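Welcome! Take a look at it first, and then we can walk through it together.

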Amino acid sequence: MLSVWGAVLIFLIVGVIFGVGGMLAGYILAPRRKSAQKSIAYECGVDTIGPTWVQFRTSYFLYALLFVIFDVEIIYLYPWAIKFQSLGLFAFVEMIIFLAILVVGLWYAWKEGAFEWT
Amino acid sequence: MQMDFSVIIPEIAMVSLGVLVLILGLILPKKSLPRLGWFTSFSLIGILALVVLNWNNVGTVSGGLYLIDQFSQFFKVIFLTAAILVVFGSMAYVDKHLGGQAEYYSILVFSTLGMMVMASANDFITMYLGLELMTISFIVLVCFRRNDSESLEAGMKYVLLAGISSAVLLYGLSLIYGIAGTVLVVEVGMILAVQQSLPLLLVGVVMLVAGLGFKIAAVPFHMWAPDVYQGAPTPITSFLAVGSKMASFAILIRIFVLGMFGVSLSWGILMAILAGVTIIIGNLVAIPQTNIKRLMAYSGIAQAGYILVGMVTASQAGVKAIMFYGFIYIFAVVGVFTAISYYYNLTGSDEIKDYAGLSQRSPLMAATMVVSMLTMAGIPPFAGFVGKFYLFMTVVENYLWLAIIGLIMSMVSVYYYLMVVLVMYRDRPQDSSPIVVSLPVRMTLIFTMLVSVVLGVYPGPLSEIINKAALSFFMH
Amino acid sequence: MPTPSITLEHYLILGAVLFGIGLFGVLTKKNAIAVLISIELMLCAVNINLLAFNKYITPEAFIGQIFAIFVITVAAAEVGVGLAIIIAIYRNRLNINLEDFDWLKW
């Protein structure tokens, strides 16, 4: 009689075989013919221009940072949205104030040129 | 749900002020931005007046999560006073070296708000929020000179160490929440008083001490302080030295004296050792420093040790002593740092040897630095003596060795403070042209010096007020 | 054979191990971003603790869950500031290796 954990173990083993086995089969069966054409970086089938190790512009990081911050603040909206019916007007006003403060932050970011792509 | 909002009007006003300053910075033309400093300082004075007028308007908000008593009112007065003095003292510095007035003053207001929330917080969540609001604001302020590598490096060190310390602190808080089943400090206190000591509780206490030790810069968690103090813009250094430290003491008192009163035996001795080591290391390492900001950083570490002495006995006398010393400490620190930052504005140097002959160039700045430093050293006519007297009296009975360490090390501190004084009064200046001190800086210097002298000669009324405030702390 | 179930201890051990890994990373890593990641690991450990205590100690109140939400958001803000500083430093010095940050004495 297998315990619950035995089933998990079997699942684990099968999963590992499934994943590793596929890669291994490809490694063994596939023909390997190297050519210069194959070792260049793939970019939608078009030949790449210039070096492929380029640095990303810091503008991407700024976008990412702003996204992370505003994205995570939305977490507060979920509990409020679920209990919206029973919380009533007071919580609604509180949430408006919260969002208003966020909007000021957004306004500031806009004015400082965080969304400009120059 | 009905709440009494009148008790948190100061906090609401602070939020509005912070947002308003930011918006004003967005809509005003560039050339009128320097006026934001005056606007912020007068608004802060108004809010300080609100707190003082509502001194007896005490109560709780959100079912006990937020507690307004005389203890928290007193700490709010400390923070607002420090913020006002820092704004006055930093206007010249900001306009000349930093720019970005709107962001600077807005974030300064928000960090003050964080401190106020910490003073009033009665549960772990609110405490944590206040602490992080303050810390993140300070991180931004520390690296405000964003083209200067030293400032950025200080900010980097501060953000990493602040992150580590909050994580450690949070882990401790989560364990205590698990043991007590509540995050309300008063309830935690009642539950822990009847429960016997668990090993898990001990782990939690150690983690809390470590996490908060970082924030108050107690040895062995002090490594960040000298670097951050040196790299940060000077007005921010003074705010960091008083505001951050006193706010952390506010929650340290709240958690330990109120929440863990029942197990005070297990942490009293820990605090005593921490205080002793902090006093010794801080004072000894301060002696060989050549940069005035680093010297003040180590002296600040030593001061944290003195204040920690008041925690050891977990008594009303101890809490009162901490509050009294904290009040004196702001004026001493802000006085010294205002002079330092104004001198840096003129000469671009923080080295002690460049202070040669300051007494001939500007008697006011030299005198303020002398009075403030002697206050910190605890020399009798000045206020620091009274504060240290209250602190050490609390431990004379049970921890006599700690009081003796404190006294000896105070004598040591006189040595390195006097070295600075000697440079200012004995040596000849290279450039002997007199220094003209601008109006807001002159106001700040004279005011801090007067307070240090007056409170030293006549501490009675303040002591009475603080006695009542400390009593209110134990009334829950 | 009785079915072994997951108890509070399991969660606490997971939390403690995760916290230990994070602390180890904080103390040994030389790259500022790796240190930030390690701090996040420590905060994850705290969240696991909070949620486990919420489930086993105070199942009727949501204290731990609310605490965890606040920890997540504040951590995001802190990391945002940290990364912004790292970008600024990189612009100034083209390097984020902590060992090279000795302009101020460590």
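Is B:Ala314 buried or exposed? B:Ala314 is buried, because 21 other C-beta atoms lie within 10 Å and the cut-off for a buried residue is 20 or more. Please keep in mind that this is a predicted model.

**Chain A**

- With a radius of gyration of 26 Å, well over the 13 Å that the globule rule gives for 118 residues, chain A is more spread out than a compact globule.
- Along the principal axes, the C-alpha atoms of chain A fill a box of roughly 65 × 60 × 20 Å.
- Of the 118 residues in chain A, buried ones make up 1%.

**Where chain A meets chain B**

- Here 6 residues of chain A are in contact with 5 residues of chain B.
- The side of chain A that touches chain B has 5 nonpolar residues, 1 charged residue and no polar ones.

**Where chain C meets chain B**

- This contact takes 31 residues from chain B and 34 residues from chain C.
- On the chain C side, helix H1 (8-28), helix H2 (32-56) and helix H3 (63-93) each supply at least two residues.
- H3(C) gives the most to that side, with 16 residues.
- By class, the residues on the side of chain C that touches chain B are 26 nonpolar, 5 polar and 3 charged.

**Backbone details in chain B**

- As background, most residues other than glycine have a negative phi, and most peptide bonds are trans.
- The loop between helix H8 (199-216) and helix H9 (224-231) of chain B holds B:Pro220, and a cis peptide bond with an omega of about 5 degrees joins B:Val219 to B:Pro220.
- B:Ala217 is also found in the loop between H8 and H9 of chain B.
- Although B:Ala217 is not a glycine, its phi is positive, at about 60 degrees.
- B:Ala217 is buried, with 28 other C-beta atoms within 10 Å.
- Back to B:Ala314: this residue sits in the loop between helix H12 (292-309) and helix H13 (316-347) of chain B.
- The phi of B:Ala314 is positive too, near 55 degrees, in a residue other than glycine.

Key: Residues are numbered from 1 along each chain as its sequence is written. Chains are lettered from A and ligands numbered from 1 in the order in which they are written. This is a predicted model: local features need pLDDT of at least 70, side-chain atom pairs count only at pLDDT 80 or more; totals for chains, interfaces and linings use all residues. The radius of gyration is taken over C-alpha atoms; the globule rule is 2.2 Å times the number of residues to the power 0.38. A residue is buried if 20 or more other C-beta atoms lie within 10 Å of its own, exposed if 12 or fewer, and partly exposed in between; C-beta atoms are placed from the backbone. Two residues are in contact if their C-beta atoms, placed from the backbone, lie within 7 Å. Ala, Val, Leu, Ile, Met, Phe, Trp, Tyr, Cys and Pro count as nonpolar, Asp, Glu, Lys and Arg as charged, and the others, Gly among them, as polar. Helices (H or I, at least four residues) and strands (E, at least two) are DSSP runs, numbered from the N terminus.
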